[in-house]
Amino acid sequence: MPVPLFELNLQNKANHNALLAAFERVVEHGQFILGPEVAAFEGDLIRRVGVGNAIGVSSGTDALLLSLMALDVGPGDEVLCPSFTFFATAGCISRLGAEPVFVDVLADSFNLDVADAATKVSGRTKVIMPVHLYGQAADMDGVLELARTHKLKVVEDCAQALGAKWKGQEVGSMGDFGAFSFFPTKNLGGFGDGGVLLTNDDDLAEKARVLRVHGSKPKYFHKTVGGNFRLDALQAALLGVKLGNLEQLLGQRRGNATQYLERLEAESRLKDNVILPSEGPDCWHTWNQFTIRVPGGRRDDLREFLQEKGIASEIYYPLSLHQQECFKNLTKRSCPVSEQLSGECLSLPIYPELTLDMLDEVVSAIVGFF
Ligand SMILES: Cc1ncc(COP(=O)(O)O)c(C=O)c1O
């Protein structure tokens with residue numbers, strides 16, 4: 001039985017009528033830019049996450065970029081971020097002329113190693129950007145403490161982790177900003193690109209709202225240079241429908257993770273060959289990805305073996321950011337764990353609608369390989 005990495009349209013089929021109704025509503029009223037749809041969706045997110053402000057934006061990347069612009073990050077500034085993450089995290093720092101300073105990660109959580117971050121703080125460090133990778137919170141106690149000590153701003157990259165919690169607190173509600181993505185494969189998947197920026201700081205929220213529309217306030221008067229970072233009204237209307245299913249979707253992801261863990265842990269043949277992911281004691285994991293580690297140089301062979309059986313998997317991410325060509329001129333920062341993980345990680349299908357039969361198929365194929 002073929003097992004894809006995602007089946008995005010299954011969730012949309014379940015909401016077919018409500019989505020069409022939202023589409024028709026927007027077509028009827030014709031307010032396609034910001035307006036009531038974006039405001040309503042922002043309000044829903046404010047209530048869902050428990051923050052003061054939400055600013056709907058064009059993508060998760062733009063949410064990160066806008067947060068750094070609102071914090072006046074620019075040339076001469078350094079921003080700490082993990083080396084083991086999606087490119088956008090660091091790309092946004094460089095695009096503003098600041099320098100990403102790459103921090104290593106912890107092998108068991110794949111998330112920022114605060115002890116390593118502490119060694120990389122300098123007089124120029126302005127912001128620390130923890131990433132809640134694969135849907136699980138980074139050590140926010142450590143991040144917030146480091147930020148307090150060195151007077152750093154905190155931007156949480158929550159692109160993969162809407163709904164995740166650290167000690168019961170929602171990700172995106174603890175830093176100065178939380179940046180989220182609605183890329184179709186994320187916990188709340190949209191119909192194209194979209195994102196949101198959350199913050200409890202009203203002044204920062206106002207600054208980000210103005211930057212979202214070219215720095216214009218009032219209209220056509222610009223004290224500052226922003227961009228077009230708006231979330232489409234149509235996108236907001238459709239996302240608003242799907243937000244109602246978020247708890248159910250997260251529950252299904254968590255259920256799939258439990259099934260994988262039970263089955264894979266029971267296979268003695270995997271003991272020395274596969275390292276399983278886990279939920280940290282302070283975390284409520286949303287399992288946007290279920291990522292195993294395959295040490296001993298056999299990851300790519302396993303992936304090929306699964307592919308031959310029609311089972312999709314993905315490598316997030318095959319090259320750490322500090323090793324990327326575009327960053328070759330930056331000061332070399334050592335991130336050995338990140339490099340190791342890039343050679344070992346393999347993400348398995350864990351989308352909410354994955355059936356138990358499919359999950360069993362993935363497990364037996366992995367067992368069959370070893
Ligand atoms: C960790 C991380 N940061 C940022 C982004 C950027 O989000 P988007 O694709 O919506 O621009 C992503 C999404 O792929 C991501 O996984």
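Mentor: Two residues are in contact if their C-beta atoms, placed from the backbone, lie within 7 Å. Helices (H or I, at least four residues) and strands (E, at least two) are DSSP runs numbered from the N terminus. This is a predicted model, in which local features need pLDDT of at least 70, side-chain atom pairs count only at pLDDT 80 or more, and totals for chains, interfaces and linings use all residues. Numbering starts from 1 along each chain as its sequence is written.

Trainee: How many helices and strands does the protein have?

Mentor: There are 13 helices and twelve strands. The C-alpha atoms fill a box of roughly 65 × 55 × 35 Å along the principal axes.

Trainee: What share of the contacts joins residues at least 24 apart?

Mentor: That share is 70%, counted among contacts between residues at least 6 apart in sequence.

Trainee: Which residue follows α7?

Mentor: Lys151 does, and its phi is positive, near 55°. Lys151 is not a glycine, and its place is the loop between α7 and β5. It counts as exposed because 8 other C-beta atoms lie within 10 Å.

Trainee: Leu34 has a positive phi too; how big is it?

Mentor: The phi of Leu34 is about 45°, and Leu34 is not a glycine either. Leu34 is in the loop between α2 (16–29) and α3 (35–49). With 18 C-beta neighbours inside 10 Å, Leu34 is partly exposed.

Trainee: New topic: where are the cis peptide bonds?

Mentor: One runs from Lys217 to Pro218, with omega near -10°. Pro218 lies in the loop between α8 (202–212) and α9 (233–243). Another joins Tyr316 and Tyr317, with omega about 20°. Tyr317 belongs to the loop between α11 (299–308) and α12 (336–344).

Trainee: How is the protein divided into domains?

Mentor: Domain 1 covers 9–243 and domain 2 covers 246–369; such bounds come from an automatic or database domain assignment. In contact across the two are 34 residues of domain 1 and 29 residues of domain 2. On the domain 1 side, α1 (9–14), α5, β3 (99–103) and β6 each supply at least two residues. β3 gives the most to that side, with three residues.

Trainee: How far apart are the C-alpha centres of the domains?

Mentor: The centres of domain 1 and domain 2 lie 24 Å apart.

Trainee: And Leu246, which helix is that in?

Mentor: Leu246 is in α10, residues 246–265. Neighbours within four places in sequence aside, Leu246 is in contact with Gly163, Asn187 and Leu188. Leu246 and Leu162 are 84 residues apart in sequence, yet 9.0 Å apart in space, C-alpha to C-alpha.

Key. Buried ≥ 20, exposed ≤ 12 C-beta atoms within 10 Å, placed from the backbone.
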